[in-house]
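Take a look at the model first.

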Amino acid sequence: MNGKTVVVTVGNPLRRDDGVGVYIGEKLAPILPPCFRLIQAGFSPERFIDDILSERPAKVIFIDAASFGGIPGEIRVLTEEEVVSVTLSTHTFPLPVIARIVADETGCEVVFVGIQPEDVSFGEGLSEAVERAASAIVEYLGGLRDA
C-alpha cells in the first residue's frame with residue numbers, strides 16, 4: 001500500500017497530561033514531513049474517522065496519554081488489547097473501536113503510542129516528564145523523511 005501515514009493526536013488539554021496528544025499535534029503541525037498527514041482529534045477522535053479514511057492510509061498512528069503503570073513520561077507502543085485496558089477515559093468513543101473501523105475499511109496498519117501521564121487533574125499544562133516525552137516524539141517524527 002502506498003498511502004500516507006496518518007498521525008492522529010488525541011487528548012484533553014484541560015486535564016493536564018491528558019493533553020499530551022494535543023501538545024504533540026500543535027508542535028508537529030509546522031514540521032511534519034509531507035509523507036504524513038496530521039489529524040488533531042482532541043478529545044473527540046470519533047469525529048475524524050471520515051478524515052482518516054479519506055487518506056486511504058498505509059499506517060495510522062494514534063498518540064495519546066495512557067495510564068499503563070509506567071513511570072511518568074514513559075513512551076510505549078501499545079497493542080490494541082493493551083489500549084482497551086489502559087487508555088484514559090476522557091474520550092467518548094474508545095480508540096480501539098475507531099482503530100478497528102479504520103483498519104477494516106482500509107487494511108492499514110494501526111499503531112498506538114501511549115505516554116504515561118503524571119497528572120490528569122483539571123488544569124492546563126504538562127508535567128515536566130510528559131513534556132520531555134512529547135518533545136522527543138515531536139523531534140523523532142519531525143525528523144522522518146519516509147513513513
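## Arg37 and Glu55

Arg37 is partly exposed, at 28% relative accessibility. Partly exposed covers the range between buried (under 20% relative accessible area) and exposed (over 50%), computed with a 1.4 Å probe on protein chains only. Glu55 also falls in the partly exposed class, with a relative accessible area of 23%.

The side chains of Arg37 and Glu55 form a salt bridge, at 2.7 Å from N to O. Arg37 sits in strand β2 (residues 36-42) and Glu55 in the loop between α2 (49-54) and β3 (59-65), so the pair ties together parts 18 residues apart in sequence. A salt bridge here is a side-chain nitrogen of Lys or Arg within 4 Å of a carboxyl oxygen of Asp or Glu. The structure holds 6 salt bridges.

## Basis of the values

This is a predicted model: local features need pLDDT of at least 70, side-chain atom pairs count only at pLDDT 80 or more, and totals for chains, interfaces and linings use all residues. Residues are numbered from 1 along each chain as its sequence is written, and side-chain values use heavy atoms, leaving out hydrogens and water.

Helices (H or I, at least four residues) and strands (E, at least two) are DSSP runs, numbered from the N terminus.

## Lys59 and Glu109

Lys59 forms a salt bridge with Glu109. Their closest N and O atoms are 4.0 Å apart. This pair links distant parts of the chain: Lys59 is in strand β3, Glu109 in strand β5 (residues 109-115), and 50 residues separate them.

Lys59 is partly exposed, at 24% relative accessibility. Glu109 is partly exposed too, at 44%.

## Arg100 and Asp104

Another salt bridge joins the side chains of Arg100 and Asp104, at 3.4 Å from N to O. Both residues lie in helix α4 (residues 95-106). They are 4 residues apart, about one turn of the helix. An α-helix has 3.6 residues a turn, so residues three or four places apart point the same way.

Asp104 counts as exposed, at 56% relative accessibility. Arg100 is partly exposed, at 37%.

## Helix α1

How many residues of helix α1 are buried? The count is 7 of 9, and the helix (residues 20-28) is mostly covered. The buried residues are Val20, Gly21, Val22, Tyr23, Ile24, Gly25 and Leu28.

These buried residues pack against β1 (5-10), β2, β3, β5 and α5 (128-143). Contact means heavy atoms within 4.5 Å.
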